[in-house]
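Subject: Model for you to look at

Hi,

Here is the model I promised to pass on. Please open it before reading further. My notes follow below.

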Amino acid sequence: MTIGNLHTTIDLSVIIPAHNEAGRILPHLSSIHEHLSTRGRSYEIIVVDDGSSDDTLKVVRNFAKHEPALRVIPLPTCVGKGGAVRQGMLAARGRLQLFTDADGATAITELDRLEQALAAGADLAIGSRSLASKQRGFTVSARWHRSLLGNCFQSVVRLGGIHGIGDTQCGFKLFERSIARDLFSVSTINGYGFDLELLFVAQQRGYRIAEVPVNWIDQPGSKVRLFHDSIAVVRELLLIRRQAARGYYSPVAPPSTLRLRPTVSPVLE
């Protein structure tokens with residue numbers, strides 16, 4: 001279900017950053033279409049092609065012939081996952097805005113859990129493999145070295161000033177539109193550390209963050225270079241701290257217009 005006027009707000013926007021994802025993105029697009037088209041609510045799917053050198057654009061545009069709710073934002077060069085997500089989020093029209101990884105490691109059906117968190121009063125809801133791994137009824141399938149490095153990384157994140165969040169990097173996050181525009185309008189990180197910047201600013205501004213357990217299945221063909229990218233993210237975390245100390249993230253609008261609330265992290269069963 002779509003709305004022709006690009007300036008009209010719709011119910012949900014799904015943003016997918018994609019760099020050389022020709023071999024993996026189609027099943028995820030199909031599952032998103034199948035799930036959202038049965039809900040009776042307006043939606044759009046935005047694929048931001050991050051300077052792909054393979055057939056990603058061709059695959060997505062072919063799919064768009066049968067899915068009028070899909071639009072593509074092609075970037076001429078690769079800017080990084082954070083930059084691609086930012087482009088999509090700022091172009092989105094949805095009352096709610098979700099970004100999800102192109103590999104579909106977290107199925108679109110997990111969206112319902114995040115929506116429940118927003119309905120319960122959260123400003124943004126983030127998928128969490130950490131919480132899921134500690135609860136019955138959830139599946140988290142990850143290679144052992146990825147899990148080990150992830151645990152070490154989260155320890156560094158806590159030292160960097162982001163507290164009370166067990167999984168900052170899961171590529172499945174849902175925002176109310178006003179919150180998304182506030183956070184992404186000041187975000188600067190183009191790499192994988194963009195999640196940290198968003199969550200850091202959200203906590204600084206007092207937004208309610210709901211960390212929600214989700215099923216997650218590691219997909220073959222990951223482009224994440226665990227050690228190299230982890231070092232890069234640590235550098236980006238230090239940059240975030242420097243920018244915060246200089247007042248870069250201070251809100252321009254009066255606090256009353258930013259809907260400041262105590263930050264919480266509820267767990268949904």
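Contact here means heavy atoms within 4.5 Å. Axes are lines fitted to C-alpha atoms, for helices over the stretch in contact, and angles run from 0 to 180 degrees between N-to-C directions. Helices (H or I, at least four residues) and strands (E, at least two) are DSSP runs, numbered from the N terminus.

This is a predicted model: local features need pLDDT of at least 70, side-chain atom pairs count only at pLDDT 80 or more, and totals for chains, interfaces and linings use all residues. Residues are numbered from 1 along each chain as its sequence is written, and side-chain values use heavy atoms, without hydrogens or water.

The sheet: seven strands, open, mixed pairing, in the order β3-β2-β1-β4-β7-β5-β8. Strands pair if DSSP finds at least two bridges between them. β3 and β8 (209-213) are the edges, each pairing on one side only. Neighbouring strands are turned by 20° on average, direction ignored. β1 and β2 are parallel, over seven bridges. Ser 13 has Glu 44 of β2 as its bridge partner.

The helices: α3 (residues 81-91) lies across β1, β2, β3, β4 (94-100) and β7 (172-176), at about 150° to β2. α4 (residues 111-119) lies across β1, β4, β5 (124-128), β7 and β8, at about 35° to β7.

In α2 (residues 56-64), Thr 56, Val 59, Val 60 and Phe 63 are buried (under 20% relative accessible area, 1.4 Å probe, protein chains only). Seen down the axis of α2, its buried residues fall within an arc of 95° (from directions to the C-beta atoms), so they line one face of the helix. Their cover includes β1 (10-18), α1 (25-36), β2 (43-50) and β3 (70-75).

Best wishes

Key:
Buried < 20%, exposed > 50% of the residue type's maximum accessible area, 1.4 Å probe, protein only.
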